[in-house]
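Have the sequence and the model open side by side.

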Amino acid sequence: MDTVNLLRNLIENYQGLVYFFIFLGLIVEGEFILLATGILFHLGALNVYYTLFFIILGLSSKTLLGYYIGSILRVKWEHTRFLKYLEKRVLSVMPHFKRKPFWSIFISKFIIGINNIVIIFAGYQKIFFKKYLKAEFCSTIIWAPALIWIGYFFSYTALHISREIWRFSVTVMVLTILFMLFDRLVGWVYGIFEEFYDDTE
């Protein structure tokens with residue numbers, strides 16, 4: 001039974017709410033929202049132009065808000081445990097952040113769970129704003145379309161396996177978990193590279 005159409009019809013009936021969740025979700029998280037957007041694109045449940053508008057709005061808001069939060073934290077809570085944890089967390093993955101902020105910000109976009117902390121840390125460190133924006137922009141124009149395409153591919157693959165909503169969902173979930181594991185592997189390899197590079201200097 002083609003129950004995937006029920007999902008598409010449901011999304012189409014509540015598109016306004018979906019666009020709001022895309023906008024809000026991109027500020028809070030990012031990766032899974034874009035994957036889900038790619039899936040819904042493939043299903044034909046979203047308007048391309050409206051979706052792109054809310055994606056751009058959400059990602060821009062995240063970039064500006066993260067930097068602003070970091071700068072506020074520096075002014076009001078500079079010596080708190082949270083900021084010590086924040087610095088330790090960022091420098092454990094991006095040990096060259098202070099010397100090479102552009103590349104650290106750029107690369108953090110491609111490691112799940114790191115970019116949110118890095119953009120706040122960039123504001124805390126008062127990284128030159130134009131350099132910060134350039135790094136965020138350059139990484140985003142690669143990262144966002146890539147994740148949407150991956151989500152589109154997941155949906156395409158899942159539909160070829162089954163058009164029944166539960167099997168479709170399970171297939172997408174399995175593909176997403178594999179993607180997360182691959183991303184973790186990439187992050188781990190990059191961490192080793194950073195340590196090796198640091199030792200050879």
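This is a predicted model: local features need pLDDT of at least 70, side-chain atom pairs count only at pLDDT 80 or more; totals for chains, interfaces and linings use all residues.

Leaving aside neighbours within four places in sequence, D183 is in contact with F110, I111 and I112, where contact means heavy atoms within 4.5 Å. D183 itself sits in helix α9, which covers residues 165–199. Is D183 buried or exposed? Its relative accessibility is 8%, so D183 counts as buried; the cut-offs are under 20% relative accessible area for buried, over 50% for exposed and partly exposed in between, with a 1.4 Å probe and protein chains only.

Residues are numbered from 1 along each chain as its sequence is written, and side-chain values use heavy atoms, with hydrogens and water left out.

Now zoom out. The protein chain has nine helices and zero strands; helices are DSSP runs of H or I with at least four residues, strands are E runs of at least two, and numbering goes from the N terminus. The C-alpha trace spans about 60 × 35 × 30 Å along its principal axes. Of the 201 residues, 43% are buried. Take the contacts with a separation of 6 or more, and 76% of them are between residues 24 or more positions apart. The chain exposes about 11800 Å², with carbon and sulfur atoms supplying 71% of that; these areas come from the Shrake-Rupley method with a 1.4 Å probe, and for residues only the protein chains shown count as cover.

Next, have a look at α7, residues 115–124. This helix is mostly covered, with nine of its 10 residues buried. Among them are I117, I119, F121 and Y124. The cover includes α4 (48–76), α5 (81–93), α6 and α8 (129–161). Just after α7, K126 takes a positive phi of about 55 degrees.

How do the helices pack? Two packed helices are described by the angle between their axes and the distance between the axes. Here the axes are lines fitted to C-alpha atoms, over the stretch in contact for helices, and angles run from 0 to 180 degrees between N-to-C directions. The axes of α6 (residues 101–108) and α7 come within 8 Å and cross at roughly 150 degrees. That makes α6 roughly antiparallel to α7, a label given to angles over 145 degrees. In this contact, S104, I105 and S108 of α6 meet N115, V118 and A122 of α7. Sorted by class, that is three nonpolar, three polar and no charged residues.

Helix α4 has partners too. With α8 it packs at an angle of about 145 degrees, the axes 11 Å apart. Residues making this contact include L59 and Y67 of α4, and W143 and I148 of α8. With α3 (residues 31–43), the angle is about 175 degrees and the axes are 12 Å apart, which makes α3 roughly antiparallel to α4. There, L34, T37 and F41 of α3 meet V48, T51 and I55 of α4.

Key:
Angles under 35 degrees count as roughly parallel, over 145 as roughly antiparallel, 65 to 115 as roughly perpendicular and the rest as oblique. Ala, Val, Leu, Ile, Met, Phe, Trp, Tyr, Cys and Pro count as nonpolar, Asp, Glu, Lys and Arg as charged, and the others, Gly among them, as polar.
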